[in-house]
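Good morning, and thank you for coming. Today I shall speak about the pockets of one protein model.

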Amino acid sequence: MDRKDYIKALSQHSLPSVLLFEGEEEHMKQDALSSLRKAVLPEGLEQMNELVLEDPSADQLIAAAETLPFMSDTRLLVIRDMPALMGRAEADERLIAYLPNVPSSTVLLFYCTGKPDGRKKIYTTVKKMGGVVTFSPLRGSELTHYVTSSFSHLGKECDERTADYLIFTVGSDTGLLQTEIQKLADYAADEPFIKASDITALATPSTECTVFQMVDAVVSGQSSKALRLLRNQLLSGTDRMSILAMLLRQYRLLQHIKIMQYEKKSGDYIRASLGVPSFAVEQYFRQAASYTGGQIKKAVSACFDTEYAIKSGRIQPEGSLETLILTLLTLRIKE
C-alpha cells in the first residue's frame with residue numbers, strides 16, 4: 001500500500017498486525033510512525049507499551065511480540081533496519097512461520113531506511129499479508145499541495161506558484177522542505193503571505209537550483225559568478241559527477257527547446273513537454289535564446305566529453321568542471 005492507503009487504513013483501524021515501512025521519503029515515514037504511535041499507544045503509557053529493537057534473534061522478537069500490553073489493548077514493537085530485510089542476512093524460518101500468528105494485541109513494525117531487499121522471504125511474507133507500506137517521494141501537484149498546506153498549518157498563505165518556486169529552490173525532500181517552511185513562516189512574522197522574494201533571500205538552494213543559477217551566469221557571461229557557485233557546491237561536499245550530470249541535464253533541456261522551436265512547435269506545446277515548474281519555463285526559453293542550435297549541440301557534447309574523459313581516466317576530476325564552465329562560456333552568442 002502507499003501512504004494514502006496507509007492513512008485510510010489507520011483511520012479505519014484496519015491495519016494488519018505486521019507492517020513494513022519502506023521507501024525514500026524518510027520524513028513522511030517518520031510522520032507515519034508518529035501517527036501509528038498515537039493511534040495504538042495510550043496517552044501517558046507510551047514508554048510502557050513500545051519496544052524498539054535492532055537485529056533481534058527470532059526468539060527475542062517472538063518473545064517481545066507475545067508480551068502482553070500494560071493497561072492497554074495494544075503494544076507497538078518496532079524492528080529497525082533488520083539485516084534479514086536489508087540484504088545482509090536471511091531470516092530464521094521460525095520467524096517467517098510466526099509472522100501470520102502475531103497476536104492482535106501487538107503491532108509489529110519493520111522500519112527500513114530506504115528500500116529493503118524485496119526478494120527476502122520476510123519481505124514477501126509481510127507483503128502477502130498486505131503490510132508493506134511504501135513511502136515514495138511526492139511529485140507534481142501532490143508536492144505543491146503539501147507545501148501550501150504546511151504553510152496553512154502555520155497560519156501562512158502560499159500560492160501554488162510560490163510553492164513551486166520553493167520546491168525548485170530547495171528540492172522535493174519533505175524533511176528539507178519542512179525546515180525551510182518553518183524558517184520562512186518565522187521570518188514572515190505577522191505578514192500573512194509568503195513571497196517569492198522571501199524564498200530567494202532565505203531558502204538554502206539545492207544542487208539542482210544552484211546548477212540552474214550556474215547556467216544562468218554562463219548565459220549572461222558572468223564567469224566569476226559561475227565559478228563561485230561551482231566552488232561553493234564543491235566546498236559543501238557535492239560530488240563533481242553529480243554536478244556534471246545536472247549540467248548535462250540542463251543543457252539537454254535547452255537543446256530540446258531548440259529542437260522543438262526548429263520544428264515550429266507551439267509555445268504551449270513546448271511548455272507542456274519540458275516538465276519543469278511553470279515559473280521557470282520563461283527562464284529556460286531565455287537561456288536557450290542565448291545560443292544557436294549548433295552552439296547548444298556543442299555544449300551538450302562538451303558535457304558528454306567531460307563525463308567520458310573522467311570515467312575513462314583520461315583526465316582527473318579535479319579542475320574538470322572549471323574547464324567545462326569556461327568552455328561553455330565561449331559557446332554562447334556574443335552580445
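Two or more lining residues come from each of helix H7 (140–153), helix H8 (160–170), helix H11 (207–219) and helix H13 (240–262). H8 contributes the most, four residues.

This is a predicted model, in which local features need pLDDT of at least 70, side-chain atom pairs count only at pLDDT 80 or more, and totals for chains, interfaces and linings use all residues. Residues are numbered from 1 along each chain as its sequence is written, and side-chain values use heavy atoms, without hydrogens and water.

A pocket here is an open set of points on a 1 Å grid over the protein atoms alone, where a 1.4 Å probe fits, with protein on both sides within 12 Å along at least five of seven lines; lining residues have an atom within 4 Å of a point. The space in the largest pocket is about 520 Å³, a volume being the space filled by probe spheres set on the points. Its lining comprises ten nonpolar, seven polar and five charged residues.

Which residues are closest to the centre of the second largest pocket? They are Arg 3, Ile 7, Met 28, Asp 31 and Tyr 146, out of 15 lining residues. The volume of this second largest pocket is about 320 Å³. Helix H1 (3–11), helix H2 (26–40) and H7 each provide at least two residues of its lining, with the largest share, five residues, coming from H1.

Key. Nonpolar A, V, L, I, M, F, W, Y, C, P; charged D, E, K, R; others polar.
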